[in-house]
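Thanks for coming. I will take one structure today and go through a few parts of it in order.

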Amino acid sequence: MAVALKLLKQLRAPHTSSTILHRNLSPRLSSIHSATRLFSDSPPPTEPLPAPPPLNPHSPSPSSLNQYELAKFAAVAETWWDSEGPFKPLHMLNPTRLAFIRSTLCRHFGKDPLSPKPFEGLKFIDVGCGGGILSEPLARMGATVTGVDAVEKNINIARVHADLDPVTSRIDYQCTTAEKLVEEQKNFDAVFALEVIEHVADPTEFCKSLSTLTVPGGATVVSTINRSMRAYAAAIVAAEYILHWLPKGTHQYSSFLTPEELALILERASISVQEMAGIEYNPLTGRWSLSDDVSVNFIAYGTKTVTSSL
Amino acid sequence: MNSLIIRRNLAESIKRLKLSQRTLCTDAAAKVSSSNGAQPGNGRVAQPNFANKSNPYDIAIVGGGMVGMALACSLAKMPLTKHLKVAIIDSNPAVSNGLSIKKEDPPDPRVSTVTPSTISLFKDIGAWKYVEQNRHAYFDQMQVWDYTGLGYTRYDARDVHKDSLGCVVENKVLHSSLLSCMQNTDFQKTIYPSRLSTMTLQPRNLSMGVGSTSSGLNEQGNLAKLDLIDGNSLYAKLVVGADGSKSRVRELAGFKTTGWSYSQNAIICTVEHSVENRCAWQRFLPAGPIALLPIGDNFSNIVWTMKPKEAADRKLKAEDEFVKDVNYALDYGFGPHPMSSTSGGGGIFSLFTNANLSANDCFKVPPKVLKLASERMVFPLSLMHANNYASKHVVLIGDAAHTVHPLAGQGVNLGFGDAFALSRIISEGIAVGTDIAEVSLLKKYEAERKSANVTMMAILDGFQKAYSVDFGPLNVIRAAAFNGAQYFPPLKRSIISYASGDQRLPIFS
């Protein structure tokens, strides 16, 4: 955590330094990124904390989702809930990231961490909910959950599975995108996009949508994979090619964001990152745990700046 | 009946209320039911049709014995699990009506040696204070020796800086303490005074629900249906088999077991001395070990292992003849008393010997048995271990998952260890919103307990095997092992810690 906080302090320095950081990153980024990646092309911010973009119903691309990514997930949707299936790592990872969510959001919303349903009365949205691996636990923890995914098949899986338990059957699953919900002027106490941002075409726009969906003073939680050599070794070489945990081609190394980059684009979207933690896999025990080491998987929680108004 | 209806209505209204008001209302519900005074014994006894499909239980505990009740108490005490709706299925009237124990009755021969770690778990859930109100006997010394006269080990609680090595408690005292502990909570439990007949676990196949037949899965798909022999049935998300070594749950869920019987029986009885016994004694004889455990006042408990034929004979023997046999088995025959190192028997182990070997470390002779204070019971000995403890919707705890040789009185400690581990893992699961019937969660329990149980079982089985042969060289090796344990302090300390229930392997600690 210490490392992550240090990074955040650097990021919260006056905007000149963050611009410098961004410029320093840009050449490195453009050398790695494919043409579809727009991160380094986005203009540097004119203000340290820019207001979220005005709603634009005439946006040329209604979704930041990459068409190819969409097709890939439709193919494996059926196996979402098989804890020994292709999403096994996600099932194993889930309790760890939920532990982070529980502790940070109980503090954020001033809820009793000893309550079995601490999030009662709160409206949460799970963007890129897939089969509902995150939505269901959030609903069991008391939240009123909306789960959205651009893949119809995922939403079907999620609905069927959620109906097995009366508590989770109240989840509102919709086949839509964050951008469309922004257009519908929906907002939520907390917005989640876990292991999603590495699959979107334009992370900057995506974060702006997440921010717009979050009520001022609300929380946004994003998790993803770092763009580091260790992450490449772990997420692509090990997980896809050696252990066959993930179908080959699940991840594009160039789509990964570093914690600095993520914090920066969230900051630009009026989300101030409060805490960041690494999610570490121990191959000896086969367990995932939270750690200070953000070099592979990491999760960030931020608050929507109250001063920015829609 | 009135109180039931009121509680149900209240329970429903509580669900609708906000978090901040929750504790207050639950207290109110408890007051309403207790002021009515209609609460029979230890909680509600099931009414037919109370739990239908739309109102299932979170957990059904099959078997309300010591281990099943320990699980229920532990769930009732933890903040994240006390809201769970639990059904307890047991035909024993004590579970429904409570158990009254008269202190002046002689001790029941069915006793357990609870380890310090079990005691601290009981203290955590608030059940130990009820044990202390009844007869119990802490012991701070333990002597294990061998009929050959070659080896002995004497343990003292002070070696590990503890007050006691354990406590011997009658099983009925442990059980009633847990029932009393449960009675003093506002836990939503329902007792079914019956037995399990059949169990239906609807297997779930998600892919069939996808596409055209997405209505193929209904709410019941996520529940286990339990049919009882009295005709009642109930639905639960998770079924816990705490129904002992002949577990019906284990059989119905199709868990395979590994095990063998030792072709040995144990005679169990209570005996009386002229003085109070403060030490646990165990002597290894060619036919099997005899243990003399203090049980409070001037009473001790005997667990004596022998061949089935001998056991049957000794059960029928006249009382004074039997007492003579017991005294003989505890002290005589086979050779001299083992010598303590102070008189020069240490050999290579004297290198490690503490110079200040206290008088307590010297070999002692167990107190004489004066008379028999209970009937003699005979139990066959066997070892059984379920290959798996957990599957979707079903989990096994206690003797349903493993039965061990009663050699060191460890059986029930392993069971309590299971119960507390399961409740903690359920609580951890609830904290992160996991479905409590999820296999991946239950497998965590299995992984944690299997290694602890298998290690203890292997040690006990090893002891059993080592002593079932009377062969010169082996006797010497056994004696050397004993002397090693006696005179090599680090080894001695780790053995005591392990026997006290610390989850660490001896030697490697």
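This is a predicted model: local features need pLDDT of at least 70, side-chain atom pairs count only at pLDDT 80 or more; totals for chains, interfaces and linings use all residues.

In chain A, eight strands make an open sheet, and their order is E3-E2-E1-E4-E5-E8-E6-E7, with mixed pairing. The edges are taken by strand E3, residues 172-175, and strand E7, residues 287-291; each has a single partner strand, so one side of each has no neighbour in the sheet. On average, neighbouring strands are turned by 20° against each other, ignoring direction.

Take strand E1 of chain A, residues 123-127. Towards strand E2, residues 144-149, there are five bridges, and the two strands run parallel. Towards strand E4, residues 188-194, there are three bridges, and that pair is parallel too. A:Ile125 shows both pairings: its bridge partner in E2(A) is A:Thr146, and in E4(A) it stands opposite A:Val191. Is E1(A) enclosed or open? Four of its five residues are buried, so E1(A) is largely enclosed by the rest of the structure.

E6(A) and E7(A) pair in the antiparallel sense, over five bridges. One of the pairs there is A:Glu280 with A:Ser289 in E7(A). The two strands form a hairpin with four residues between them, and A:Gly286 in the turn has a positive phi of about 70°.

Helix H10 of chain A, residues 259-268, lies across strand E5 (214-225), strand E6 (271-282) and strand E8 (297-304). Its direction is at about 155° to E6(A).

Next, the annotations. These come from an unreviewed UniProt entry, which gives "binding site" at A:Glu195, A:Glu198 and A:His199. The same feature name is placed by UniProt at A:Arg97, A:Gly128, A:Asp149 and A:Leu194.

Where does A:Glu195 sit? The answer is the loop between E4 and helix H8 (203-213) of chain A. With a relative accessible area of 15%, A:Glu195 is buried, because the cut-off for that word is under 20%. The side chain of A:Glu195 makes a polar contact of 2.7 Å with the side chain of A:Ser223. Beyond four places in sequence, A:Glu195 is in contact with several residues, among them A:Leu90, A:Leu93, A:Arg97 and A:Asn297. Note that A:Arg97 is itself on the annotated list.

A:Glu198 lies in that loop between E4 and H8 of chain A. A:Glu198 is buried, at 3% relative accessibility. Leaving out residues up to four places away, A:Glu198 touches A:Ser223, A:Thr224, A:Ile225, A:His251, A:Ser255 and A:Phe256. A:Ser223, A:Thr224 and A:Ile225 are also among the contacts of A:Glu195.

A:Leu194 is in strand E4 of chain A. A:Leu194 is buried too, at 6% relative accessibility. The contacts of A:Leu194 outside its sequence neighbourhood include A:Arg97, A:Ile101, A:Leu134, A:Ser223 and A:Ile299.

Is A:Gly128 buried or partly exposed? At 29% relative accessibility, A:Gly128 counts as partly exposed. A:Gly128 lies in the loop between E1 and helix H5 (135-140) of chain A. Setting aside neighbours within four places in sequence, A:Gly128 is in contact with A:Val148, A:Asp149 and A:Val196.

Helix H11 of chain B, residues 411-431, has 21 residues and spans 31 Å from its first C-alpha to its last, close to the expected 30 Å. H11(B) is mostly covered, with 19 of the 21 residues buried. After H11(B) comes B:Gly433, whose phi is positive, near 70°.

The other item is B:His385, in strand E18 of chain B, residues 377-386. B:His385 is buried, with a relative accessible area of 11%. The side chains of B:His385 and B:Tyr389 are joined by a polar contact of 2.6 Å. Further along the sequence in either direction, residues touching B:His385 include B:Lys256, B:Thr257, B:His402, B:Lys450 and B:Met457.

That is the end of my part.

Methods: Residues are numbered from 1 along each chain as its sequence is written. Chains are lettered from A and ligands numbered from 1 in the order in which they are written. Side-chain values use heavy atoms; hydrogens and water are left out. The expected span of a helix is 1.5 Å times one less than its number of residues. Buried means under 20% relative accessible area, exposed over 50%, partly exposed in between (1.4 Å probe, protein chains only). Two strands pair if DSSP finds at least two bridges between them. Axes are lines fitted to C-alpha atoms, for helices over the stretch in contact, and angles run from 0 to 180 degrees between N-to-C directions. Contact means heavy atoms within 4.5 Å. UniProt positions are given in the numbering used here, feature names are shortened, and annotations may be inferred rather than shown by experiment. A polar contact is a pair of N or O atoms within 3.5 Å; within protein, one must be able to donate a hydrogen and the other to accept it, and residues adjacent in sequence count only if both atoms are side-chain atoms.
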